[in-house]
Amino acid sequence: MGDGVTFISEPFEKETEITGPIAAKLKVSSSSEDADLFLVLRVFTADLREVTFMGAIDPHTPVAQGWLRASHRKLDPKLSTEYRPYHTHDEKKPLSKNEIVSLEIEVLPTCIVVPAGCRLALTVRGKDYEWQKTTGAKLSNFKNELLGCGPFLHNEPRDRPSSIFSGKTTLHLDANSYVLLPVIPPK
């Protein structure tokens, strides 16, 4: 349920367009029977200030986000593609303590041109993205403050009991781990 880890690129040498679906393949293990992974694609300026965008509801949205509960990792082989894993959500596959499993995670599609000198980052977290701890921004008909994910958060204690989701989750990166980005060649 922590802040996780951020992988950040070198500065882009030239303006780079990223348009389309995004997917990641990661291997994880957990000290408990389940884990939630939240993937956040982010952009940082040359001086490492995060760039956020006006989302449909939230004024501080990152480039793209995706999430998966490890026990729901079962894929539909007919509907899944390398750029869009399709999870059936029809069978729970609990984790065995410290067993390494492969997860294919869809990150929602995006369309952005990253300026030269900026960096792209992928954050893997155990909870929803937060642009900052507090913004003061709130909609009158939602209970949650707007911190970068809009008002729709994965923080219901009955759905994420700490006895299960507060375990230590470990990333095991190897040659088969990746983030698939739709980089559009320059014209």
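**R42**

I began with R42, which counts as buried at 14% relative accessibility. Here buried is under 20% relative accessible area, exposed is over 50%, and partly exposed is in between (1.4 Å probe, protein chains only). I am working on a predicted model, in which local features need pLDDT of at least 70 and side-chain atom pairs count only at pLDDT 80 or more, while totals for chains, interfaces and linings use all residues. Residues are numbered from 1 along each chain as its sequence is written, and side-chain values use heavy atoms, with hydrogens and water left out.

I placed R42 in strand β3, residues 36–44. Strands are DSSP runs of E with at least two residues, and helices are runs of H or I with at least four, numbered from the N terminus.

I then looked up which residues R42 touches, leaving out those up to four places away in sequence. The list is T6, E50, P62, V63, R119, L120, A121, T123 and Y129. Contact means heavy atoms within 4.5 Å. I also noted L122, 80 residues from R42 in sequence, with the two C-alpha atoms 6.2 Å apart.

Two polar contacts of the R42 side chain went into the notes. One, of 2.8 Å, is with the side chain of E50; another, also given as 2.8 Å, is with the side chain of T123. A polar contact is a pair of N or O atoms within 3.5 Å; within protein, one must be able to donate a hydrogen and the other to accept it, and residues adjacent in sequence count only if both atoms are side-chain atoms.

**Salt bridges**

E50 and R42 also meet through their side chains in a salt bridge, 2.8 Å from N to O. The term stands for a side-chain nitrogen of Lys or Arg within 4 Å of a carboxyl oxygen of Asp or Glu. E50 is buried, at 19% relative accessibility. Salt bridges with shared partners join D36, R69, D159 and R160 into one network.

R69 is buried at a relative accessible area of 18%, and D36 is buried at 10%.

How many salt bridges does the structure hold? I have 11.

**R125**

The salt bridge between the side chains of R125 and D3 has an N to O distance of 3.5 Å. R125 lies in strand β7 and D3 in the segment before β1 (5–8), so the pair ties together parts that are 122 residues apart in sequence. Is R125 buried or exposed? R125 counts as buried, at 9% relative accessibility. D3 is partly exposed, with 41% relative accessible area.

Strand β7, which holds R125, covers residues 119–125. A polar atom of the R125 side chain lies 2.9 Å from the backbone oxygen of D128, and one lies 3.2 Å from the backbone oxygen of K127. Not counting residues up to four places away in sequence, R125 touches G2, D3, G4, D36, L37, F38, V40 and E130.

**Strand β2**

I went through the pairings of β2 next. Two strands pair if DSSP finds at least two bridges between them. β2 (residues 16–30) pairs antiparallel with β6 (residues 101–114) over 12 bridges, and I22 has V107 as its partner there. With β9, β2 has three bridges in the antiparallel sense, where A24 is partnered by V179. β2 and β8 run antiparallel and are joined by three bridges; V28 stands opposite L171. β10 (residues 183–184) pairs antiparallel with β2 over two bridges, with V183 as the partner of I18.

**Loops and surface**

I looked up two positive phi values in residues other than glycine. L48 has phi near 65° and is in the loop between β3 and β4 (50–51). H89 has phi of about 55° and is in the loop between β5 (64–69) and β6.

My last entry is L173, in the loop between β8 (169–171) and β9 (178–180). L173 is partly exposed, at 46% relative accessibility. Together with V5 and F7, L173 makes a nonpolar surface patch of about 240 Å². Patches take residues with over 30% relative accessible area and no salt bridge, joining like charges within 9 Å and nonpolar side chains (Val, Leu, Ile, Met, Phe, Trp, Tyr) within 5 Å. Accessible areas come from the Shrake-Rupley method with a 1.4 Å probe; for residues, only the protein chains shown count as cover.
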